[in-house]
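Please open the model in your viewer and keep the selection tool at hand. This tour goes from stop to stop, saying at each one what to select and what is found there.

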Amino acid sequence: MKKAWRNYLFLLILLFVFCDFKAFSVSAEETGYGYTVKWVNVFPSERKLTAQLQVIGNSSVYGPDVKLLSLTTSFDTNDRLRITITDSENPRWEVPDYVVPRGPNVPLPPPPPSQSPPSSTLYFPESGFVFTLQNTAPFGFSVSRPSGEILFDAYPVIGDSSTYLIFKDQYLQLSSSLPPETSNIYGLGEHTKSTFKIQPNQVLTLWNADIASFNKDLNLYGSHPFYMDVRAPNGSTHGVLLLNSNGMDIAYTGDRITYKVIGGIIDLYLFAGPTPEKVMEQYTELIGRPTPMPYWSFGFHQCRYGYPDLDYVENVVANYSKARIPLDVIWTDIDYMDNYKDFTFDPVNFPVDGMKKFVSTLHQNGQKYVLIVDPGIAVNDSYPTYIRGLKDDIYIKRNGVPYLGQVWPGKTYFPDFLHPRAGSFWSTEIKIFHDTFPVDGLWIDMNELSNFITSPPNPSSTLDDPPYKINNSGGQVPIISRTVPPSALHFGNLTEYNVHNLYGFLEARATNAALVSVTGERPFVLGRSTFVGAGKYTAHWTGDNAATWNDLAYSIPGILNFGLFGIPMVGADICGFAGNTTEELCRRWIQLGAFYPFSRDHSAKDSNPQELYLWDSVASSARTSLGLRYKLLPYLYTLMYQAHVKGTPIARPLFFSFPGDTNTYDISSQFLLGQGVLISPVLQQGATSVETYFPAGKWFNLFNTSQSVSSKTGQQIVLDAPEDHANIYVLEGNILPMQGEALTSTAARKTPFELLLFVSDDGKSSGEVFLDNGVDLDFGGSGGRWTSVIFNSGIVGNKLILSSKVVNGVFALSQKWIVDKVTVCGLTRELNGIKVLKFVPGTRTEEAEILVDGANNACLTVTKLSLLIGKEFTIEITL
């Protein structure tokens, strides 16, 4: 017995030694050894540099190295630089041109093999960049400004393979050092974060997954490998995009950022800025400007997963009206469907005839109805949508047959939106559905793709289980888990492995196009899964958050991030989706959520109801906060127009307006609407005050303009936290176009305009309003059914002069919109003997009501103006 035990012990020791040696031998082998420059050529007239790279040594870690690489650098514009690195000898997957149109990546003919100088530079005087290629061993490159400031520094640290360029079939690595004392980076989503600025020493994983957003620091529904870098102390800003749809880990240490990608190519873009707004303009010029949203979508929305029947939904709408709380849009989750099948109605709880009558009543009241649609099509031989999909052969396949997954309706097939017939299939289904029930918008969910089962991996492929394990779900969960297997095939033999992160983008594109075709109007699409450029087609909400104070706070970084991603119409589920909210939490949440670009209350089936009228204090807060939102609808809609034209977010971090104020770089609890409306909500339970940072300037309380805060250099101030609204302040120098409060946006649009003017220290103020019918496809285009008005004011001598400049005034005149009141705040001189002159051809009136509260904060109100907003006017006020 002892001898047997000794033999067993001896075998254990041998096994331990063998395993330990094996582990040591693998870890001792470097992941890669980098590349040297074989040849390089610069084509000044083409503004392009090409080079061939040769691997220094072979490594088997994560697979063999690609031996020869092609590097191409080109100036797409003066402010956009593109760097691509790919296999010289074999084609590889890259994000298709129809996702981000940018032209083919075709290297120029190679130069003589002997041409390999120690370094090469690509630069021309008008550009915002200098690209330098260094022929070291391993090679490196950098991108800098003409001033010498280095923006992307891919020079390796010799002896540290984690800084080398490594290029294998299923593992790509690119690393750049960063100056930790000046660099501040934002973006790289989608994740739930406690701070807007990305903190050092973390790995950010991009792999679209159905992971509830109440999970902090995990990869969520979308992939956006874009970051904005704001450099201290002057706020010089640039952007960086790695355009790659494969799964990846992005390691950020504060002094270095390293991409570890499981496929595709290196397709790197830099955007010169040098301001945050300019970066967004340059970035969205590449990926596509945000799609315009219909005017009604800026109203308040109510939804719940778990509305049991139509009667209940009708009562919800009626109760909002009874409580005098604004409501533009009612939503229904999958509850309305017949056994959770897309494009169907539950014949008992949501009968079609009753639904038709209900939506007709909504439309008569100026309200809208949005319904959910999931991508999974139920496998059911009596289900017409399923049958038509089979006939068109548009489902994702595995092993030559449609892949069988499982979602809400049970067994499901998934449409392949890369198939050339998928668009017409989807459009047909939406048309049939819309002909039955005139839904006003569609909510596309579960499109990561989400799957309730995990299929076994294909043993003959590494796609389902690649050698490098990204940190999926925070624990290197296999990428095949609860989604379509990566080895499944889309049209053209494109693997799910490569296109997985594109699925939500592709469904949003198809849904947007279908609604345009069916309605002929501006579509409203709300999508959960997104990718670079998805803002061209969809709005977004931050997913399944929870009814907690932390989630309330986390919503601000989430919303600000999607502004950077080119999806400005974004919001979080107000009062929280999962779990039971409280009266205080819901009250504070609507005070914040009323100023999300997309404002919707939504809750889960197993949570308590949380409609805003259920508590008196919440209802009061809703009336106050949403009342201001509805007055600001012209301003919000104008910000949407600016987003569509220039790519600037609606909700913005403070450094967008104050890039030189380094105190704004770390703020995650406040944000701006546009350039100067500051939202400072309560984010902590039981709070009676809130710490608010005011950048330099004079700020006026928008709920009480007689109150103001002046800050010469920027300062933190403790403000009282009113029970029924957040602290909302507007910066001097702004002119806000406003209309009256109402219960719907339709009713609000019928009220007169008010101009709220805040005089700056230099006496100048400006503002803008964009007007159209709210639904036309042509958003400020050549069609002409729109009006733009720019307002400017200044103090000249003893006169304040307010004037308007109108473009395409015919439309506004046809609507007979008028400016009835002008309120001027921030006048610092005595208001005695004021004379108001209104100049309209053939008329002249002198009517003024003066409201003064404090010698240094006087507000003057001019009423009964009846000025047509579509006609240019000038008002002179003698002070």
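Does Asp435 count as buried or exposed? Asp435 counts as exposed, at 53% relative accessibility, where buried means under 20% relative accessible area, exposed means over 50%, and partly exposed lies in between, for a 1.4 Å probe and protein chains only. Before going on, please note that this is a predicted model, in which local features need pLDDT of at least 70 and side-chain atom pairs count only at pLDDT 80 or more, while totals for chains, interfaces and linings use all residues. Residues are numbered from 1 along each chain as its sequence is written, and side-chain values use heavy atoms, with hydrogens and water left out.

**Stop one: a pair within a helix**

Select Lys431 together with Asp435, which form a salt bridge whose closest N and O atoms are 2.9 Å apart; a salt bridge is a side-chain nitrogen of Lys or Arg within 4 Å of a carboxyl oxygen of Asp or Glu. Because they are four residues apart in helix 6 (residues 422–436), Lys431 and Asp435 are separated by about one helical turn. Helices (H or I, at least four residues) and strands (E, at least two) are DSSP runs, numbered from the N terminus. Lys431 is partly exposed, with a relative accessible area of 44%.

**Stop two: salt bridges across the chain**

Next select Asp544 and Arg528, whose salt bridge has its closest N and O atoms 4.0 Å apart. This pair links distant parts of the chain, 16 residues apart, with Asp544 in the loop between strand 30 (539–541) and helix 9 (549–564) and Arg528 in the loop between strand 29 (525–527) and strand 30. Asp544 counts as buried at 18% relative accessibility, and Arg528 is buried with a relative accessible area of 1%. The structure holds 30 salt bridges.

**Stop three: a strand and its partners**

Now select strand 36 (residues 677–680), where Val677 and Ile679 point one way, Leu678 and Ser680 point the other way, and all are buried. In a regular strand the side chains alternate between the two faces of the sheet. Strand 35 (residues 671–673) runs antiparallel to strand 36 and is joined to it by three bridges, and two strands pair if DSSP finds at least two bridges between them. Look for Leu673, which stands opposite Val677 in strand 36, and then for Gly674, which takes a positive phi near 70° in the hairpin of strand 35 and strand 36, with three residues between the strands. Strand 36 also pairs with strand 41 (residues 727–731), in the antiparallel sense and over four bridges; here the bridge partner of Ile679 is Ile728.

**Stop four: two helices side by side**

Finally, select helix 10 (residues 583–593) and helix 11 (residues 616–631), whose axes come within 8 Å and cross at roughly 5°. Axes are lines fitted to C-alpha atoms, for helices over the stretch in contact, and angles run from 0 to 180 degrees between N-to-C directions. Helix 10 and helix 11 are therefore roughly parallel to each other, since angles under 35 degrees count as roughly parallel, over 145 as roughly antiparallel, 65 to 115 as roughly perpendicular and the rest as oblique. The contact, meaning heavy atoms within 4.5 Å, includes Cys586 and Ile590 of helix 10 and Val618 and Leu626 of helix 11.
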